[in-house]
Amino acid sequence: QVQLVESGGGLVQAGGSLRLSCAASGAVSSINFMGWYRQAPGKQRELVAFITSGGTTTYADPVKGRFTISRENTWKTVYLQMNSLKPEDTGVYYCKAIPYFTRVEYWGQGTQVTVSS
């Protein structure tokens, strides 16, 4: 199993920056995919960015050019650097991991990001 713990959220003014961290433990060597998702109250959870074991990164259109996902080679920590934040970025941000050879998804408990106008 994989355990995930997010941190780094908080309250920031529009135009500011935050860096989120996802600390992974357990069977980290089995991870093939890690991604960041976010969810606002009353809305469905949506993909923000993801990174594969090969280092390929993908971003949702609203965050391209502003957010950057990165990881340590050991998968111990995955980061989401968020710049030029907008009120529309407000939500609970979750980290997700998917191991090789399975369709099991592991989720953290989330960290709140609030961007004031």
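Two strands pair if DSSP finds at least two bridges between them. The exercises below apply this to a predicted model.

**Exercise 1. Which residues does the disulfide join, and is it left-handed or right-handed?**

Solution. 
- Step 1. A search of the whole structure finds one disulfide. C22 is joined to C95, with an S to S distance of 2.2 Å.
- Step 2. The torsion about the S-S bond is about -85 degrees, so the disulfide is left-handed.
- Step 3. C22 belongs to strand β3 and C95 to strand β9 (residues 91-99), so the pair ties together parts that are 73 residues apart in sequence.
- Step 4. The cut-off for buried is under 20% relative accessible area. C22 has 0% and C95 has 1%, so C22 is buried and C95 is buried.

**Exercise 2. Which strands pair with β9? How many of the residues of β9 are buried?**

Solution. 
- Step 1. β4 pairs with β9 in the antiparallel sense over eight bridges. Here F33 stands opposite I98.
- Step 2. β11 also pairs with β9 in the antiparallel sense, over three bridges; G91 has V113 in β11 as its bridge partner.
- Step 3. Strand β10 (residues 106-107) runs antiparallel to β9 and is joined to it by two bridges. A97 stands opposite Y106 in β10.
- Step 4. β9 and β10 form a hairpin with six residues between them.
- Step 5. Eight of the nine residues of β9 are buried.

**Exercise 3. Which elements give two or more residues to the largest nonpolar core, and which gives the largest share?**

Solution. 
- Step 1. The largest nonpolar core has 27 residues. Those with the most contacts inside it are L4, M34, W36, L80, M82 and Y93.
- Step 2. Two or more residues come from each of β1, β3, β4 (31-39), β5 (46-52), β7, β8, β9 and β11 (111-116).
- Step 3. The largest share, four residues, comes from β3.

**Exercise 4. Is the pair of Y100 and F101 stacked, edge-to-face or tilted? Which charged ends sit over rings of Trp?**

Solution. 
- Step 1. Four aromatic pairs are found in the whole structure. For Y100 and F101 the centres are 5.9 Å apart and the planes are at 40 degrees.
- Step 2. Planes under 30 degrees apart count as stacked, over 60 as edge-to-face and the rest as tilted. The Y100 and F101 pair is therefore tilted.
- Step 3. Y100 is partly exposed, at 34% relative accessible area, whereas F101 is exposed, at 87%. F101 lies in the turn of the hairpin and has a positive phi of about 70 degrees.
- Step 4. Y37, Y94 and W107 form one aromatic cluster. Over the ring of W107 sits the charged end of R45, 4.6 Å from the ring centre.
- Step 5. The charged end of R71 sits over the ring of W75, 4.3 Å from its centre.

Notes. Residues numbered from 1 in each chain as written. Predicted model: local features only at pLDDT ≥ 70, side-chain atom pairs only at ≥ 80, totals over all residues. Heavy atoms only, no water. Phe/Tyr/Trp six-rings, centres within 6.5 Å; stacked < 30°, edge-to-face > 60°. Buried < 20%, exposed > 50% of the residue type's maximum accessible area, 1.4 Å probe, protein only. Lys NZ or Arg CZ within 6 Å of the ring centre and 35° of its normal. Disulfide = S-S within 2.5 Å. Core = buried A, V, L, I, M, F, W, Y, C linked by side-chain atoms within 4.5 Å.
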